[in-house]
Amino acid sequence: KKGGLFGTPRLAETFGDDHLDNPYLERRLQAGNGTGSNGGCLRNAWGRSQICDFDDENCKYKLPEACTSKFTCPAGYYCTAGAYAAASKEDAEKYFAADWPSYGTQCMAVNLDGTDVDAGDGNTWYGYACECQNGFWCPENIVIPNWCPQSYECQRPSQRKKCPQGRWCKQGTVRGWPCTFGQDCKKGTIAPPAGAVFLIYFVIIVLIGYAVFWFRDRARSKRLEKSNKEMQDYYDVLHSKDSTEVERRAATDSELKSRFETGDDKDVEDGYRIEFSDLRLTLPGGATVMRGPSGALECGKSTAIMGASGAGKTTIMNLITGKVKKTGGIITVNGEEVEDLQRFKQRTAFVPQEDIMLRELTVLDNITFSANMRLPANWTTEMKREKVMEVLCTLGLTHVQHSIIGDEFERGISGGQRKRVNVGLELVADPKILFLDEPTTGLDSVSASKLCKTLRDIAEQKRLTVAAVIHSPGPEAFMSFHNFLLLQTGGRLVYYGPMPKVEQYFEDIGFKYPRDDQQDGAPLADHILSKVAGDGRPSPGAKIKLKAGDTWDHLTGFTKLWHMKQGLEPPCDADEAPEKVGRAAATWASLKHSFTEMPSQYKTLFCPGRGDADRPTISSGYTFFICFRRACNQNYTTFWSFFFSIVVFYGAVGFFFASLFTIGDDPPNVLGGYPSDICSLAYPALRSNCKDLQSNQFFALMGSIVFIQIAMAAATTSATFGCETAQYWRECSVGLNTPAYFFAKSAADLPLCVVSAMAIWAPFASIFATPVSNGNFFVLLLLLNLFGYVSGYFISFLVPYNYCGLTSVAWGVWWGLLFNGYNMPIHFQPALKFIYYVSAPRWYMEGWFDVSTVYPYKRVRSGKLKGEPYYRFGIGRAQRQYAFWNRFPSCMGYMILCIMALYIVDLVIITVTQVNKKK
């Protein structure tokens, strides 16, 4: 609207006697003496003495005296066509209709207040009055229409009235918009004052949040008191002074000790003896990484697995458990041949090398969740709780059970305690087979020795089969194990047998341990590893020697000596070269594995089985419940973290944008296009713009917040799964129901999504005056926030967490700026229509366009003119420009469908990706 439609407000001075190419102006003007067909009343002319500034919304472009002396333009009409002398009113209307096209606007010929003014030759002066449209104000004797002035409402174009109290009236208002809760709208209010109403919303949000946290913390305190009492009772019973109990325990221990010493443990009830023979693994590329080791993992005993670098220590555990498929060899369990231990998955536990657990939760929270998820479904709550207390006592964690695990930023328990928690997560599942991958890594000698002794005690007391990969143990830790399995590089067997006999064996093959004169104080384990790594050669006086003519090679020699010790044939592949396999063959082998193995793995991940008859697994509903409860503990740690990270942060963003959008004296507004007859007077290049909406700031301003809100929400929820990917993989490997886990985690995020949307909405509802109802505004922001949350899940599944923040910004630019339907309308890129159809921000913008522009300004919604057209020009052209034709409910429905589709994609991605990590 700035600068006018015609380049200057004084068109009578612009178009002169020489402007002969204007078809709407007389070629001969005789304004001085009042002669001619128009008698000096020019078309599109107003008083020469009037200088009208378009910044003045009360400006009235009045007819000049040369016109008002000949006819009167009634209120509610504008008269731009000038005057014409005609014999009758009908002749004047015919002339004006032919010479002044109205383009559908209702027009009529008028005279001077019903009085005929003589124009000579029997003619009378007439003017041409065209009806003023709603949203404009046309007082008497006006040349061109102007919008209804701000602080006024024009329920009829012929009159204006001061905006009543309780309503606000921007420029172009037909009926003032009602003020909402907390807005003080006095008479003549242009826009509701930016008061502190949003603080009321924030106080309500904070009070509700504080009350929820208060009740939660109170209930948690009661549970902790109960847990402490139960733990004390259990501890008292466990350390009972009753002589009968002491004698019974001593007799049991004596019996177990005798059976350990005799090795008579193959038929122990509820135990598993695992024997493996000639295990082999050849990769698809042809490399052999496991070359026939044999041995046993005995029930009630702990076995240490050691070896040089690349010896396959972890690989042999993976082959036995079934994480990796063997290519040769035999595995038996209690004498029964099996492919691997997948049949016994529910009774098998694997402790990874890394301390994978949720660091923000307490020791008790982590172990309790593992118990609830993995213990049989037919166990009662009391039985599971007793199992948790038993594990805490066994591992010496009772005094830190309520302490958080901690990380680099928040101090928690010690490193040794964290290792024991790592073991406890598996031990609480009541397994019969326990594998550990370097459990002593990162521990000092004292902590490592204590952990190894604990593993030995667990194996003896609980009748477990324990195998642990150990790296450089101290003497005490090393001797804590019952058996010892030693591997050479390439997966060759060096020694398997009782731990007390390993020193004698190495002495027999020529590598005596200098116990009386230790080399630099090196313990036995380091001495053995150094010799296996190639440090030294067998002494000439060894009892067991290679055959004459054999050259000593530490990579194969130890295996040959072991075979000689056991009376076996020399290993046939001791010196074999790796088989060369072509790239195509390796690729085909990998694809074949994917097509044969992956479908069953996908089925298991989507629909986990019900377990064994004696150990049924928990239902999907119960999995959802425990995962949801744990996720809530993660998300809502303290009230203050919730307050600052959600309420304050998102509220500040909302306040910033709401204030930014309302800065200045010209509040955001929607102004319709001019009538076509007025636009026909503009320069040809400006005629199209003349008919468009002259202002649609509601639509333009809200387009800028889409990108910001998507990026913020996506960056927030990328941590939901991105920060615990390894934890998810670990739990999947022991039977976690992925769909239940996914639904539970996202459900726990839902309150954060709602509260953050409310925090953004509150300042807008209080400061940013629009015709959009608060309910519709909140629904829009909530669904946009929900799209951002679901997008964050998608990003975290595909991108490493370190890059999720930057990726969230790029994601917001892609959907919030490129494909929101506003910056680049759909007909600009017809080949990419499918992207627009699946773009939730596009439906957001179309819904916002409907409730902020189409619905309130296409027809009058209240007052005397209710139901009549509002802005007849501009709305339809804007709809065609953006291809926005749907109503708000439909747009929200399509937006929900887009969000649900992305949500389902998220579920599929988290389930089918990284399958090998979940075995």
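**Group meeting: helices, rings and surface in a predicted model**

Helix α9 is mostly covered, with 12 of its 13 residues buried. Keep in mind that this is a predicted model. The buried residues in α9 are G416, Q417, R418, K419, R420, V421, N422, V423, G424, L425, E426 and L427. On its length: α9 runs over residues 415–427, and at 1.5 Å a residue its 13 residues should span 18 Å; the end C-alpha atoms are 18 Å apart, so the two agree.

Next, helix α10, residues 445–462. This helix has 18 residues and reaches 25 Å from its first C-alpha to its last, close to the 26 Å expected at 1.5 Å a residue. Which residues of α10 are buried? They are A448, S449, L451, C452, T454, L455, I458, A459 and E460. An α-helix has 3.6 residues a turn, so residues three or four places apart point the same way. At the start of α10, a side-chain oxygen of D444 comes to within 3.0 Å of the backbone nitrogen of V446. After α10 comes R463, with a positive phi, near 60°.

Now the aromatic rings. Searching the whole structure gives 72 aromatic pairs. One of them is F819 with Y836, an edge-to-face pair at 5.2 Å centre to centre, with 70° between the planes. F819 sits in the loop between α24 (804–818) and α25 (833–837), and Y836 in helix α25, so the pair ties together parts that are 17 residues apart in sequence. Are these two residues, F819 and Y836, buried or exposed? Both are buried. Elsewhere, ring pairs join F478, F484, Y495, Y505, F506, F511, W552, F558 and W562 into a cluster.

Last, the surface. F181, I200, I204, I208 and V212 make a nonpolar surface patch of about 480 Å². Of these, V212 belongs to helix α4, residues 197–238. Why does V212 count as exposed? Because its relative accessibility is 53%, and the cut-off for exposed is over 50%.

K864 is another exposed residue, with a relative accessible area of 60%. Where is K864? In the loop between α26 (840–858) and α27 (875–882). K864 and R175 are 689 residues apart in sequence, yet their C-alpha atoms are 8.6 Å apart in space.

To recap: α9 has 12 of its 13 residues buried, F819 and Y836 form a buried pair, and V212 and K864 are exposed.

Conventions. Residues numbered from 1 in each chain as written. Predicted model: local features only at pLDDT ≥ 70, side-chain atom pairs only at ≥ 80, totals over all residues. Heavy atoms only, no water. Patch = residues over 30% accessible without salt bridge, like charges linked within 9 Å, V, L, I, M, F, W, Y side chains within 5 Å. Areas by Shrake-Rupley, 256 points an atom, 1.4 Å probe, with all protein chains shown as cover. Salt bridge = Lys/Arg side-chain N within 4 Å of Asp/Glu carboxyl O. Helix = DSSP H or I, 4+ residues; strand = E, 2+ residues; numbered from the N terminus. Buried < 20%, exposed > 50% of the residue type's maximum accessible area, 1.4 Å probe, protein only. Expected span 1.5 Å × (residues − 1). Polar contact = N/O pair within 3.5 Å; in protein donor to acceptor, adjacent residues only side chain to side chain. Phe/Tyr/Trp six-rings, centres within 6.5 Å; stacked < 30°, edge-to-face > 60°.
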